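Please open the structure in a viewer and keep the selection panel at hand.

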Amino acid sequence: MAFKQTGRSCIRLWLAFVCLMLLLTNTPLFAQSRFTISGTVKDTLTGETLIGATVRITGPVKKGATTNTYGFYSLTVPKGQDTLSFSYVGYKTIIIRLLVTKNTTLNIDLGASNALNEVVVTDKAASNNNILEPQMGVNKLDIKEISNVPVLLGEKDVIKTIELLPGIETTGDANTGFYVRGGGSDENLILLDGAPVYNASHLFGFFSTFNSDAIKDITLYKGGMPAEYGSRMSSVLDIKMDEGNNKQYTAEGGIGLIASRLKLEGPIVKDKGSFMISARRTYADVFLKLSSDSTLNSASLYFYDINFKANYRLNDKNGIYLSGYFGQDDIGLKNNFSTAWGNTTGTLRWNHLFSGKLFSNTSLIYSNYNYTIQNFDKNSNFQVVSKIEDVNLKEDFEYYLGGNQSLRFGVSAVHHTIEPGDISSSSTSSFNPQTIENRYAYEFAAYISDNWKPTDKLNIVYGLRFNQFLLIGPGTFDTYDSNGNAITGTTYGSGQTVAHYFNVEPRFSASYTLNDQTSLKAAYNLNTQNIHLLSNSTSSLPTDLYVMSSNNIKPGISNQVSLGYYRNFDHDNFEFSTEVYYKWLSNEIDYRDNAQLVANQNVESQLLFGVGRAYGIEFFLKKKYGRYNGWIGYTLSRTERKFDGINNDTYFPARQDRTHDISFVNMFNATKRWSFSAVFVFGTGNAVTYPAGKYQIGGITTYYYTNRNGSRLPDNSRLDLGATLEGKPHKSYHSSWTFSIYNAYNRKNPYSVVFQNTDTSPVHTEAVETSLFGIIPSVTWNFKFR
Amino acid sequence: MKKSIAILSVLFVLLALSACQRVIDVQIPNAQQQIVIEANLNNQKGLQTVNITNSVPYSSANVYPTVSGAIVTITDALGNVYKLPETQPGVYTINNFFGKPQNYYALQVKVNGQTYNASGTMPAPVNLDSLSVIGQSFGSKLVKSVAVNFHDPAGVANQYRFLMYVNAVQVQRVFTESDRLTDGRNVTSVLYESDIVLKTGDVVNVEMQCIDGPMYNYWYALSSQGGNTPADSATPSNPTSNISNGALGYFSVHTTQRQTIIIP
């Protein structure tokens, strides 16, 4: 049992790593002539911590730091007089003079300046982080920006907004599925407070699972991912929920055309803890109920979601966070069929400060995606239940070594369960009850990364991530040959290792600052993936089927190198960046012709494995401040795949191969009460397979295909317009109206193209394009009480 | 189960409030001509036919040139060779002939210096018990569909293909089923086609064929070739033919049975 042996030794290695880390955390590393200033930066008004606020020391020693996800910072300085400045975009900068004679805790509250457009940037250092930070391929979105971007039916949406950034494309018109730098739509790690969200879409992908009321911070990594993130090949979308106001109670919400939402927040104990609860629900079915038609008024068609978060600071050194998400979609016709699907996530987290230099985070994370499909017909009834579930225990450390280095390291253990499908049926049904074996796996990871500034100009982050994946029994596991025929079938007992994979993932990114306004950056990352989504449809259907790396499926591996040039203009009012990337993908999954993915015990026999490559150049120009702000992004790229037996074993364009992709986002604050926005997008049509010839089979016109994805859907473009009218200022009450027009020039963007016979004589073939959304106006009323 | 997904996708398109369709121009390089062999052998004594045609480029009219001058033979398991002479251009037939269930048959076509071979074993027949009409109300509209009812034999792999004719006009859709999820059950399978509306008095004739595994894969691939709707497979491809030497088409050795129902 070679598998078992190596499996055990890998666990041992992993345990050794844990011990090493625990040892490290207990080692005293203080030099007495140097002291640590540390603390938390918060918003004066709400008491919420500020992520990514800048702390700078100006004095004999020049030094900087940014606050982490929990608003925590740490700086080590020599004994003496120092001037510290705390700044954050949209907030007034605070400057503090301090005589440092001992380790000092300094918690700072920053006050928001009146509005984004009125910020006068006095402190340059506050806004050229994009130049100085080594991280590249990263986009952070301000939640305020999202609220100004017009979207379909007025439902502001974080995912649709990130799709407006270079290197990121949508899977379809108005869809929340996305591709990052040529990766598949299942290659994005979407985290909500650290919990993976497996199916981030509502209603076939027209809306995302993220209610932007409940969100505080969004960061997307396209390349050079920090070592603390793993398990997906192409990107990380890290979403942090709002923590809630710990000073006062507020209520806010909105009433839109398709959904309403309400959010409550307030202190649990003033200045110590707060809670936030946010919910929304669509009401298409409420209108259906008004119908006199018995089928329609008993139909269900809705989704809802609830976000919840609470936090409590036990003392200066300890804080606890509890957050969760629950969402569900429900579509059905009474006595006919019903479909329900949704995600549940939960995160329990304990922040602990060992010292001003060592910050730790212990997290217990749960994630579940499940669906149920039911057919009620007497002769064809069935119920299919399927789920994927993760339980994750994670320990993360941030260790501010002082000097020019800070370390991040940690360990993580995940237990995965996949229930591919459990079919039940009545005795009169055509379908047999059937249970497809559950699959279980452990995924262990350990990582360490160091941020090192060897000189004033050079800033490097380098690290390693170790990933150990163990597919375990019980169950029968078949091995298939290259034609998909089973060669061997082995039965394993509970907990026995079926397959294991160990991967070392190097991560590296560096910036070289030419001057305060200009830097060059480079990054390399290797990412692996052990949970794979199988779907042979083009839209986001609830029937997502997940498989694990196994005796047949090897982990997906992506290697990416990227280079970037960053330049700010006009006192950092304008940010410009360009990045080139090249990405190699291996163990990409495709399906055999005629693949049967639904309720198939031998689904792994239906798969083909190949390689991919993606390369491109991205340009991004952003105006950050002023009455007019916005950005323009352009991507020129190519994405290709290669599979044995497809396209004569040569590279062919992936569906998401998009030569040109342009996004132009404009926001204009016209008056104190009126603001306007306009978004224009253009993209090359998706690569598709069109017939090259035709023949007749059984009296039916049948098409003959030659090159895989050799043709193109027509190019797509769209202009969306938005306007917001703020209500008159009021002491305890604020309201606003948001108007938007989706697809303002009513462009017919291709959703699908099908081929059919013409009505002419003689009969020819015509291509019929279906487009989904024409011009759609909408209005939303928003309110806030405090 | 496929039907539920089909309903889902219909809803999906309804959801897209202003879904609209139009004919577009597409630029497609024309493929080279391919030979298409469509050969059927069933268990009913009568005319057995092999049609040989050529494919045409995408932009041409749907008129398929016939291929004449082929030598077509069927060989049974005992080595008896039966010739199918050309009775019309491109149509090769043998009369008063039938295949026996569980017997093996081989087809050979020699034309233009090329030889094409195929073979298949005729499955055991499964009785088509009845046809029924199923009504499903969508709003105030009652949508009628015809369903086939049969008992699937337990413990063996069975595959079926159905051809539906409404008032003697063939419905332009491939209906095929396997017993992967229905082994040994009383099966009711709805022959659902969104393009046709069945009215009271319509005469619906259904042919049920019991086909072998490779033919099921062939028809299944054709049935999911339709296009880019969410229920279809993302990338259309050519179905795997059981004929050698790169010919398009198939050699199907199947049992056949027909029933008729008048829509009430």
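Begin with chain B, which has 2 helices and 18 strands; helices (H or I, at least four residues) and strands (E, at least two) are DSSP runs, numbered from the N terminus. The model is predicted: local features need pLDDT of at least 70 and side-chain atom pairs count only at pLDDT 80 or more, while totals for chains, interfaces and linings use all residues. Residues are numbered from 1 along each chain as its sequence is written, chains are lettered from A and ligands numbered from 1 in the order in which they are written, and side-chain values use heavy atoms, with hydrogens and water left out.

Keep chain B selected and colour it by accessibility. Of its 264 residues, 53% are buried (under 20% relative accessible area, with a 1.4 Å probe and protein chains only). Chain B exposes about 11,800 Å², of which carbon and sulfur atoms supply 51% (Shrake-Rupley method, 1.4 Å probe). Among contacts in chain B with a separation of 6 or more, 63% join residues 24 or more positions apart (contact: heavy atoms within 4.5 Å).

Next, select β9, β16, β17, β12 and β13 of chain A. In that order these 5 strands form an open sheet with mixed pairing; two strands pair if DSSP finds at least two bridges between them. At the edges lie β9 (138-141) and β13 (195-196) of chain A, each pairing on one side only. Zoom in on β12 (residues 188-192) of chain A: 2 bridges join this strand to β13(A), and the two run antiparallel. A:Leu192 has A:Ala195 in β13(A) as its bridge partner.

The structure holds 11 cavities of 30 Å³ or more; a cavity is a set of points on a 1 Å grid over the protein atoms alone where a 1.4 Å probe fits but cannot get out, and its lining residues have an atom within 4 Å of a point. A volume is the space filled by probe spheres set on the points, which are joined across faces, edges and corners.

The largest cavity has a volume of about 590 Å³. Select A:Thr170, A:Gly172, A:Asp173, A:Ala174 and A:Arg718, the closest to its centre of the 42 lining residues. β10 (168-170), β41 (660-669), β42 (674-683) and β47 (716-726) of chain A each supply at least two residues of this lining.

Finish at the second largest cavity, with about 100 Å³ of space. Of its 14 lining residues, A:Tyr70, A:Asp193, A:Lys309, A:Tyr321 and A:Arg349 are the closest to its centre. β22(A) gives the most to this lining, with 3 residues.

Key: Buried < 20%, exposed > 50% of the residue type's maximum accessible area, 1.4 Å probe, protein only. 1 Å grid on protein atoms, 1.4 Å probe; cavity = no way out; pocket = protein on both sides within 12 Å on 5 of 7 lines; lining within 4 Å.
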